[in-house]
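Please walk through this structure with a focus on its metal site, its strand pairing and its aromatic contacts. Keep it brief and tie each point to named residues.

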Amino acid sequence: MGLPAYNIEPEHEELFRQMIHEEVDKWVDELLVAFDKDKQPTIMELSDLFTETRQKFLGAGFQKLIEQKYSDLLEQEYASCPKCGKPCKIRRYSSKQLETMQGPSSLNRPWFYCIDCSLGFSPLDKVLEISRKRHQFDVQKKAVNLSADVTFDRGSNIFKDLTGQNISAHFMHETFENVGAEAHLEDIIPSREQIEQKIQQASTGKWRPILVVASDGAHLPTRPKAGRNEKRGEGRWQEAKGFRIYLLGDERIIHVASWHQIQNEEQFGKDLLVAAARIPQQSVRIALLGDGASWLWKHMTSCFPKGREVLDYYHCVEHVYKVAEAQYGKDATKRLEWIESTICRLMFAEVDNVISGLSRMKHASNVAKEEIRKQLIYFTHNRDRIHYKSDRKGGYPIGSGGIESANKFICHTRMKRSGAWWVKETGNEMLRIRCAIYNGTYDKVFEKYKNANLPET
Ligand SMILES: [Zn+2]
């Protein structure tokens with residue numbers, strides 16, 4: 001049930017059955033010779049034997065099915081040129097070795113050539129959507145999905161272990177880059193319809209649901225691109241700027257979209273605008289969350305003019321700690337007292353009180369003086385974003401735990417491995433594919449890649 005019906009002509013069905021029976025016999029032979037009479041194989045041993053041998057059997061069955069289903073295309077003597085329509089006679093049979101998730105198959109299909117258009121073509125390739133690569137799109141899709149989570153070497157091993165297929169780390173890497181190059185923001189961010197559905201899902205109470213837009217930067221290890229024989233250049237840390245958009249549902253967060261790229265703030269702003277344009281802003285209450293970095297506020301407020309600006313509480317508290325550290329140093333009791341009373345005042349929206357307190361503070365040292373000066377600027381600059389008491393009353397979030405964990409998930413887990421330095425372009429491809437998977441748009445992204453790599457004729 002639920003499976004599409006791929007009908008086959010009755011006479012071909014009969015042939016197909018016969019062929020499959022022959023293949024089963026071959027498989028059975030292979031299974032029978034594998035063990036001595038005296039040997040008593042365990043479940044694991046038997047299962048490994050099946051994993052190893054089933055590829056050949058299934059790949060052959062797969063091939064026979066195509067041969068019967070598309071017998072007319074395989075026996076075709078004339079085909080119309082896809083460009084000019086002129087009938088062309090078959091030139092030769094051309095063999096294509098292919099690997100699918102089922103195993104190895106081989107297709108001997110007719111090849112045509114139009115002299116007028118200087119065009120060679122094979123109609124079966126177009127119908128079957130055969131990839132130029134030996135490993136077909138079904139394998140490519142799974143391989144890229146896997147390498148978004150583990151290194152290419154590890155992915156190659158896992159793939160072999162679970163499927164019995166040999167997929168090199170090089171193939172995984174190369175295909176990953178090919179798909180990454182076709183992965184664009186427009187497809188990675190969910191569509192307006194998808195976002196509207198999620199808003200619907202979050203609209204349970206009498207108030208419009210709260211949509212949180214949280215932005216942040218994460219530093220990633222990068223290195224310049226080097227040629228084959230060149231020495232690797234010096235690595236440096238670059239900032240991946242990103243945002244996460246989510247809805248506050250009844251009991252849980254409903255993820256809407258994540259986007260991270262190593263890029264400048266101008267490009268970040270353009271990207272955020274694409275996402276903002278897909279959100280029906282009048283049907284949600286919008287909260288903008290971030291730390292003190294001015295680039296993110298500039299773009300969040302211009303993309304979401306009605307958004308309520310909230311300075312991320314956890315970042316805010318870090319700044320309180322910095323002052324306390326510099327001013328009270330080793331005096332743990334005084335330090336803690338000051339931290340607690342300051343946080344308390346921040347929670348009760350007495351930010352002006354905190355600011356005037358800081359400006360009157362008698363610095364204990366030059367280090368303290370400098371720290372107080374810096375934090376005074378920070379709190380003065382962000383004073384309009386500190387109103388945690390009313391935020392809580394209105395049900396708004398005060399901390400961007402959401403983006404912090406998205407950053408960890410999207411950027412850190414795959415990208416901050418010891419010894420892993422990313423070329424910016426590859427790093428960005430990795431971020432895009434990880435975002436697509438996280439956003440639930442990977443199918444669409446892969447489809448785009450596939451369509452860009454189909455046989456042209
Ligand atoms: Zn032609």
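## Zinc site and strands

Four cysteines supply the protein donors of the zinc ion: Cys81 (SG), Cys84 (SG), Cys114 (SG) and Cys117 (SG), lying 2.3 Å from it. This is a predicted model, and the values here are computed from it. The site of the zinc ion is tetrahedral, with angles of 107 to 112° among its four donor atoms. Along the chain, the donors follow the spacing C-x2-C-x29-C-x2-C.

Cys84 stands at 43% relative accessibility and counts as partly exposed.

### The four-stranded sheet

An open sheet of four strands has the order E1-E2-E3-E4. The pairing in this sheet is antiparallel. Strands E1 and E4 (119-121) are the edge strands, and each pairs on one side only. Neighbouring strands of this sheet are turned by 50° against each other on average, direction ignored.

Take the pairs in turn. Strand E1 (residues 78-80) pairs with strand E2 (residues 87-100) in the antiparallel sense, over three bridges. Ser80 stands opposite Pro87 in E2. The hairpin of E1 and E2 has six residues between the strands. In that hairpin, Gly85 takes a positive phi near 85°.

E2 also pairs with strand E3 (residues 103-114), again in the antiparallel sense, over ten bridges. The hairpin of E2 and E3 has two residues between them. Thr100 has Gly103 in E3 as its bridge partner. Ile90 stands opposite Phe112 in E3. In a regular strand, side chains alternate between the two faces of the sheet.

### A second hairpin

How many bridges join strand E6 (residues 236-248) and E7? The two pair over nine bridges, in the antiparallel sense. A hairpin of four residues joins E6 to E7. Phe243 has Trp259 in E7 as its bridge partner. Strand E7 (residues 253-262) is largely enclosed by the rest of the structure, because nine of its ten residues are buried.

## Aromatic contacts

A pair of aromatic rings is described by the distance of the centres and the angle of the planes. Ring centres within 6.5 Å make a pair, and the count comes to 16 aromatic pairs. Two of these are set out below, starting with Tyr313 and Tyr388.

Why is the pair of Tyr313 and Tyr388 edge-to-face? The ring centres are 5.4 Å apart and the planes stand at 90°. Planes over 60 degrees apart count as edge-to-face, so the pair of Tyr313 and Tyr388 is edge-to-face. Tyr313 lies in helix H12 (residues 313-328) and Tyr388 in helix H16 (residues 388-394). The pair therefore ties together parts that are 75 residues apart in sequence. Tyr313 is buried, at a relative accessible area of 16%. Tyr388 is buried too, at 0%.

Next come Tyr328 and Trp338, with ring centres 6.2 Å apart and planes at 45°, so the pair is tilted. This pair links distant parts of the chain, ten residues apart. Tyr328 is in helix H12, and Trp338 is in helix H13 (residues 332-347). Tyr328 counts as partly exposed, at 21% relative accessibility. Trp338 counts as buried, at 15% relative accessibility.

One aromatic cluster is formed by Phe137, Tyr442, Phe446 and Tyr449.

### Charges over rings

## Summary

The zinc ion has a tetrahedral site, with Cys81, Cys84, Cys114 and Cys117 as its protein donors. Among the aromatic pairs, Tyr313 and Tyr388 are edge-to-face, and Tyr328 and Trp338 are tilted.

Key
Residues are numbered from 1 along each chain as its sequence is written. This is a predicted model: local features need pLDDT of at least 70, side-chain atom pairs count only at pLDDT 80 or more; totals for chains, interfaces and linings use all residues. Side-chain values use heavy atoms; hydrogens and water are left out. Rings of Phe, Tyr and Trp (its six-membered ring) pair if their centres lie within 6.5 Å; planes under 30 degrees apart count as stacked, over 60 as edge-to-face and the rest as tilted. Buried means under 20% relative accessible area, exposed over 50%, partly exposed in between (1.4 Å probe, protein chains only). Donors are N, O and S atoms within 2.8 Å of the metal (3.2 Å for Na, K and Ca); water is not among the atoms, so sites may look incomplete. Four donors count as tetrahedral if all angles lie between 85 and 135 degrees; four count as square planar and six as octahedral if opposite donors are over 155 degrees apart and all others between 65 and 115; anything else is irregular. Two strands pair if DSSP finds at least two bridges between them. Axes are lines fitted to C-alpha atoms, for helices over the stretch in contact, and angles run from 0 to 180 degrees between N-to-C directions.
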